[in-house]
Amino acid sequence: MSNRSSVNIYHRSIEKFRPMHETIPNATPFTIMIEPTNACNFRCRFCPTSDIKLLKSVGRKVGFMPMELFKKTVDGINFPSRIGKLNLYKDGEPLLHKQLPEMVAYAKQSGAFDEIVFNSQVALLTEDKARALIEAGLDTIRISVIHVHDKGYKDLCQTYDNYAEVRENIHRLYRLKQEYKSPIRIHVKTIETGLTQEERDQFYADFTGHADTVFIDHLTGWSDSERHDWTLGLDPDVAPDGFSPVIRNRKVCPTPFYTLSVNWNGGVSVCCVDWAWRTIVGDTNHETITDIWHGERLREFRLMHLRGLKDQNPSCQTCHYMQGLLEIDNLDDHTEKLIPIIEATAGGARPHNETVGHAAE
């Protein structure tokens, strides 16, 4: 199996999707994130969560979402159709939250989502936790393998250096999938951080046959990218998916039009890379996701981008992530058409159209 074969499979899978500019305004988000915690047991050099001093400088606290707030957030979802994907992840390691299986089960039973998924580096994935997540009905787990040997782990994530443990945790999860005859999808990725061909080959050899997909991601510079080079000097010209070209001069970010991210404290960010909490448009302690999606703060945020004023927000001003979003989601050439459409949603006016399928995650 090669990285290129995985890429070709993905290319074929997006042929059915409509361009983003044809779907706006969307009555239902395509995806949302609800973050169980922003705590992490790793300190990966390509992730803002690794820089404790930087996080303190922007006032980002570490915490765990109470189960009551999680339930309130899910209960406040009331859209014309199901949300395509709930990702129980944002800035931290979800497995640190002791009630993660309960969150999966509650979200599953709500019927609000087509798919429940989370990202993890699985160093903490014991057999008991794996069984609990499968029994709770988790649909997909996306696993980040930081490197393929202990030295690489120590260099990149700084707090951990046991590759064999990660490999065994993944192999065991796949065995449990077979034991339970579970439909759970296991996606395993590593990151292009200067891997040698031998290391790439080892990655595919170690996980092919022990996961549903195996592929190599590329680094992204996150939002506020002038604060730190999270691409580790590589400055990739492709997006994290490994094939979408980076559009350096992109003016309009598509994420405000298809997704929301709920931080552990209930604050709602426009997107998943808002590590500094500078794109907050609501709070699920006091508002529903549905009201936030149709609310004035998000409407103004969308118009800010469409009017070419993204530099007014410091996180958007130098965001590297938006440069690598899919070409099918590019809105730069459609602003004249879209501005009056979004202006017409003033006062919470809600669109009646509903989107069928989209490439954006």
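Predicted model: local features only at pLDDT ≥ 70, side-chain atom pairs only at ≥ 80, totals over all residues.

Mentor: Searching the whole structure turns up three cavities of 30 Å³ or more. Take the second largest cavity, which holds about 100 Å³ of space. It is lined by 15 residues, and those closest to its centre are C253, T255, C271, C316 and C319. Among the helices, α10 (296–306) and α11 (314–317) each give at least two residues to this lining. Sorted by class, the lining of the second largest cavity has nine nonpolar, five polar and one charged residues.

Stay with α10 and α11 for a moment, since the loop between them carries R307. The side chain of R307 meets that of E343 in a salt bridge, 2.9 Å from N to O. E343 sits in helix α12 (residues 335–343), so this pair ties together parts that are 36 residues apart in sequence. Neither end is buried: E343 is partly exposed, at 37% relative accessible area, and R307 is partly exposed too, at 41%.

Now for the charged pairs elsewhere. In general, side chains of opposite charge can pair when their charged atoms come close. The whole count here comes to 19 salt bridges. R131 is partly exposed at 22% relative accessible area, and E127 is partly exposed at 33%.

R131 also forms a salt bridge with E179, at 2.9 Å from N to O. R131 is in helix α5 while E179 is in helix α7, so this pair ties together parts that are 48 residues apart in sequence. E179 counts as partly exposed, with 49% relative accessibility.

That brings us to α7 itself (residues 163–180), whose axis comes within 10 Å of the axis of helix α8 (residues 197–207), the two crossing at roughly 35°. On the α7 side the contact is made by Y163, R167, I170 and H171, and on the α8 side by Q202, D206 and F207. By class, that contact has three nonpolar, two polar and two charged residues.

One last thing to find on your screen: R60, K90 and D91 are linked in a network of salt bridges.

Conventions. Residues numbered from 1 in each chain as written. Heavy atoms only, no water. 1 Å grid on protein atoms, 1.4 Å probe; cavity = no way out; pocket = protein on both sides within 12 Å on 5 of 7 lines; lining within 4 Å. Points joined across faces, edges and corners; volume = space filled by probe spheres on them. Helix = DSSP H or I, 4+ residues; strand = E, 2+ residues; numbered from the N terminus. Nonpolar A, V, L, I, M, F, W, Y, C, P; charged D, E, K, R; others polar. Axes fitted to C-alpha atoms, helices over the stretch in contact; angles between N-to-C directions. Contact = heavy atoms within 4.5 Å. Salt bridge = Lys/Arg side-chain N within 4 Å of Asp/Glu carboxyl O. Buried < 20%, exposed > 50% of the residue type's maximum accessible area, 1.4 Å probe, protein only.
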